[in-house]
Amino acid sequence: MTRIDGYLLDNRRTEEAEHFSAFAALFDPTTFRHLDALGVGSGWRCWEVGAGTTVVSWLAKKVGPTGCVVATDTDTSRLASAARPPVEVRAHELGAQEPPREGFDLVHARLALVHVADRERALRSMVKALRPGGRLLVEDADPALQPLLCPDEHGPEQKLANRLRQGFRSLLADRGTDLPCGRTLPRLLRDAGLARVQADAYFPLTSPDCAALESVTIRQIRDQLVTAGLATDQEIDRHLGNVTSGALDLTTAPMISAWGRKQ
């Protein structure tokens, strides 16, 4: 994917595996529910954009030996273990390159558009790759709909958590990141020519997976928060302790899933 300048969570950091594990635990059930509802099955040809290994593995089992899963990302190193039939791994920049092929029954992208400068072009590329009647499922966050880490801000621990979450968003803004707006996906899918467009949102109010994701995220951006004067080391240590204690009801930005069919 053609990345915009504001990518903070460097996949080369030692926390990479922990971040992806927490992310998959939190969002995979919702993604799999939608893919099941779209009818993914034996023989399907699927393009997984910005691929995560858990989704690729799930799709590979569904399509079986008569299907195929083309898994793409700019960095394919973490997909090496999945690169066996029916999975084909390719390096690809969404929005900058033509689709890896056309005639797909399914194209899926989860939280991939945040790294792409021209989202509308990226969506047109994914639609182009579908066969007539093929399905597109795009999932993206919408931090502005719910910007808090602790919606129930009743004490100093919750206030600190929300301040650090705002600091994270400030770092993204300073680097030119246009935070993804999941609410726009239904309109963008219709504008791209898809029919039968629908959408829903996943919004956990508290979950151990939210705590795991928050912990690894804060550790990944710790130096940037301190350097920018958005938090002290002592505040970050206190927040990480609060997260580990389980005393905070943590959430995420809503993840909006939108899907439609190519006419």
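The helices (H or I, at least four residues) and strands (E, at least two) are DSSP runs, numbered from the N terminus. The model is predicted, so local features need pLDDT of at least 70 and side-chain atom pairs count only at pLDDT 80 or more, while totals for chains, interfaces and linings use all residues. Residues are numbered from 1 along each chain as its sequence is written, and side-chain values use heavy atoms, with hydrogens and water left out.

The axes of H4 and H6 come within 11 Å and cross at roughly 60 degrees. That angle makes H4 oblique to H6. Axes here are lines fitted to C-alpha atoms, for helices over the stretch in contact, and angles run from 0 to 180 degrees between N-to-C directions. Angles under 35 degrees count as roughly parallel, over 145 as roughly antiparallel, 65 to 115 as roughly perpendicular, and the rest as oblique. On the H4 side, the contact (heavy atoms within 4.5 Å) is made by Leu-164, Arg-165, Gly-167, Phe-168 and Leu-171. These meet Glu-214, Thr-217, Ile-218, Ile-221, Gln-224 and Leu-225 in H6. By class, the contact of H4 with H6 has six nonpolar, three polar and two charged residues. In this scheme Ala, Val, Leu, Ile, Met, Phe, Trp, Tyr, Cys and Pro count as nonpolar, Asp, Glu, Lys and Arg as charged, and the others, Gly among them, as polar.

Arg-165 and Glu-214 also meet through their side chains in a salt bridge, at 3.0 Å from N to O. This pair links distant parts of the chain, with Arg-165 in helix H4 (residues 156-174) and Glu-214 in helix H6 (residues 208-227), 49 residues apart. A salt bridge is a side-chain nitrogen of Lys or Arg within 4 Å of a carboxyl oxygen of Asp or Glu. Both Arg-165 and Glu-214 are buried. Buried means under 20% relative accessible area, exposed over 50%, and partly exposed in between, with a 1.4 Å probe and protein chains only.

Helix H4 also meets H7. The axes of H4 and H7 come within 10 Å and cross at roughly 115 degrees, and the two helices are therefore roughly perpendicular to each other. This crossing of H4 and H7 is left-handed. The residues in contact are Glu-157, Leu-160, Ala-161, Arg-163 and Leu-164 of H4 with Glu-235, Arg-238, His-239 and Asn-242 of H7. The classes in the contact of H4 with H7 are three nonpolar, two polar and four charged residues.

Arg-222 lies in helix H6 and Asp-233 in helix H7 (residues 233-245), eleven residues apart. Asp-233 is partly exposed, at 34% relative accessibility.

Over the whole structure, a search finds 17 salt bridges. One of them pairs Asp-105 with Arg-131, the closest N and O atoms being 2.4 Å apart. Asp-105 sits in strand E4 (residues 104-110) and Arg-131 in strand E5 (residues 130-141), 26 residues apart. Asp-105 is buried, with a relative accessible area of 7%, whereas Arg-131 counts as partly exposed at 25%. Arg-45, Asp-105 and Arg-131 are linked in a network of salt bridges.

Phe-32 is found in helix H1 (residues 16-37). Phe-32 counts as buried because its relative accessible area is 18%. Leaving aside neighbours within four places in sequence, Phe-32 is in contact with Thr-54, Val-55 and Trp-58. The C-alpha atoms of Phe-32 and Leu-188, 156 residues apart along the chain, are separated by 22 Å.

Some backbone features remain. The peptide bond from Pro-85 to Pro-86 is cis, with omega near 10 degrees; Pro-86 lies in the loop between strand E2 (68-73) and strand E3 (87-91). Leu-111 has a phi near 50 degrees, a positive value in a residue other than glycine. Leu-111 is in the loop between E4 and helix H3 (119-128) and counts as buried at 18% relative accessibility. For Arg-196, phi is near 55 degrees, again a positive value in a residue other than glycine. Arg-196 has its place in strand E6 (residues 194-202) and is exposed, with a relative accessible area of 63%.

How values were computed:
A crossing is left-handed if the near helix is turned anticlockwise from the far one by less than a right angle, and right-handed if clockwise.
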